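Please walk me through this structure.

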Amino acid sequence: MGGVFVLRKPRNGNKCRCFDRCITMRQTETDLFSEETRMITRERRRGRRRKRRSFFLDMILLFRTCSYNILFLSLLLLSSSFSSVLSENLSPRNQTLRPLEELNKLKAINQHLRKINKPSIKTIHSPDGDIIDCVLLHHQPAFDHPRLRGQKPLDPPERPKGHNRRGLRPKSFQLWGLEGETCSEGTVPIRRTKEEDILRANSVTSFGKKLRHYRRDTSSNGHEHAVGYVSGEKYYGAKASINVWAPQVQNQYEFSLSQIWIISGSFGNDLNTIEAGWQVSPELYGDNYPRFFTYWTNDAYQATGCYNLLCSGFVQTNSEIAIGAAISPSSSYKGGQFDITLLIWKDPKHGNWWLEFGSGILVGYWPSFLFTHLKEHASMVQYGGEIVNSSPFGAHTSTQMGSGHFAEEGFTKSSYFRNIQVVDWDNNLVPSPNLRVLADHPNCYDIQGGSNRAWGSYFYYGGPGKNPKCP
């Protein structure tokens, strides 16, 4: 109420005695009241004008802001559409999914490593970088299988009749044991799988498996062979001595191996195989050392089976040999030759397939329940070499088989299998009857067979891969 004067009667209740004075006081009060009223009116008018100006200004600013926002949104939508046309891979959705996919992949790898790397009571570091874990017999991966869970490894079976136990002790052929390190009785040495080993594979599920292939010809999915084989009878095992080399492998997606195959079923989805020998596989092991290996499948390399002890299957019983570990020494061109002797046979009592190395050293066995056709017997036995040809740059691979030299060069230059034998129905070890030889691509890798008193049935095999006759 500032600026407004309230007129009150004099406290003594007397009227102005001086008429002029009273008139003057009333006049002054009236003038003051009128001036104050005019001031209030002017202020109210100014306020209305200010409000009108403020309203119009706010509307202009709002319109300007909305225009900017609409323009910005239009440009953003145009830019987004243009970016999606340029490259689908650059979309925020894909960029968000990639780290999630990598995270899930690493999670699956670590889970798989925990499954196959068992607790050890001792760890040995090999000169080649391998880590060997000494694992209790009943803790090895094989006993994760429902049919083996809670059981113990079987006692050694009866050897085939006619078997001559001559050969080298395992300590002299694997790098991890050259310095005197050993695993104690009651344990098995297992090569530890590392994260980088699985990362080299196409996926966690394909790690430790061979690519699917069927035939021994040009349609065999890049797998090429030079083999000796027998078929047409019932076979219960095989034996041979194989010289070890360190062939050059062109890239990590290829391998070179020499092995024995025990085969039953057709070359379709029901193929059963048991395999053992040496191989160079950069993808599986991360280097170019020749390594002792095993393999099995009961469905033509599809869902079942694996290399070495990378799944539930092969039961190891030996504390001196590490399956998958590097072999040393190896043979040299025109120099010393180093070979290993392998025997695979079916136990007549329990039906399991056993593996022996060298001078009577039992490595372990494949339980018969792993197989369908091989529960009874084998219908074919093969010996020889295999490589993977990924056809790099549209040409044949230069990955070597065996020594990397053709069969015609002979001893100290070519790879060989000697003293080739099979096990018959009565558990007798006999020379391989009617051994035949076959090379998928003889201009790349070939094979030549023969027989003499010292070596029995034998053959030389191998080759360099890419050459003028094998472009």
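The tour starts with the ground rules and then turns to the disulfides.

This is a predicted model: local features need pLDDT of at least 70, side-chain atom pairs count only at pLDDT 80 or more, and totals for chains, interfaces and linings use all residues. Residues are numbered from 1 along each chain as its sequence is written, and side-chain values use heavy atoms, with hydrogens and water left out.

The whole structure holds three disulfides (cysteine sulfur atoms within 2.5 Å). Cys 134 bonds to Cys 183, S to S 2.0 Å. Cys 134 sits in strand β2 and Cys 183 in the loop between β2 and β3, 49 residues apart. Strands are DSSP runs of E, at least two residues, numbered from the N terminus. The link is left-handed, with -75 degrees about the S-S bond. Cys 134 is buried at 1% relative accessibility (buried means under 20% relative accessible area, 1.4 Å probe, protein chains only). Cys 306 and Cys 311 form another disulfide, at 2.1 Å. Cys 444 and Cys 470 are joined at 1.9 Å. That link is right-handed, with 90 degrees about the S-S bond.

Now follow β2 to its partner. Five bridges join β2 (residues 131-136) to β3, and the two run antiparallel; pairing takes at least two DSSP bridges. Val 135 stands opposite Val 188. Five of the five residues of β3 (187-191) are buried, so this strand is largely enclosed by the rest of the structure.

Asn 427 is buried, at 6%. Its side chain reaches the backbone oxygen of Arg 159 at 3.4 Å, a polar contact (N or O atoms within 3.5 Å, one able to donate a hydrogen and the other to accept it; residues adjacent in sequence count only if both atoms are side-chain atoms).

Definitions and conventions: Buried < 20%, exposed > 50% of the residue type's maximum accessible area, 1.4 Å probe, protein only. Helix = DSSP H or I, 4+ residues; strand = E, 2+ residues; numbered from the N terminus.
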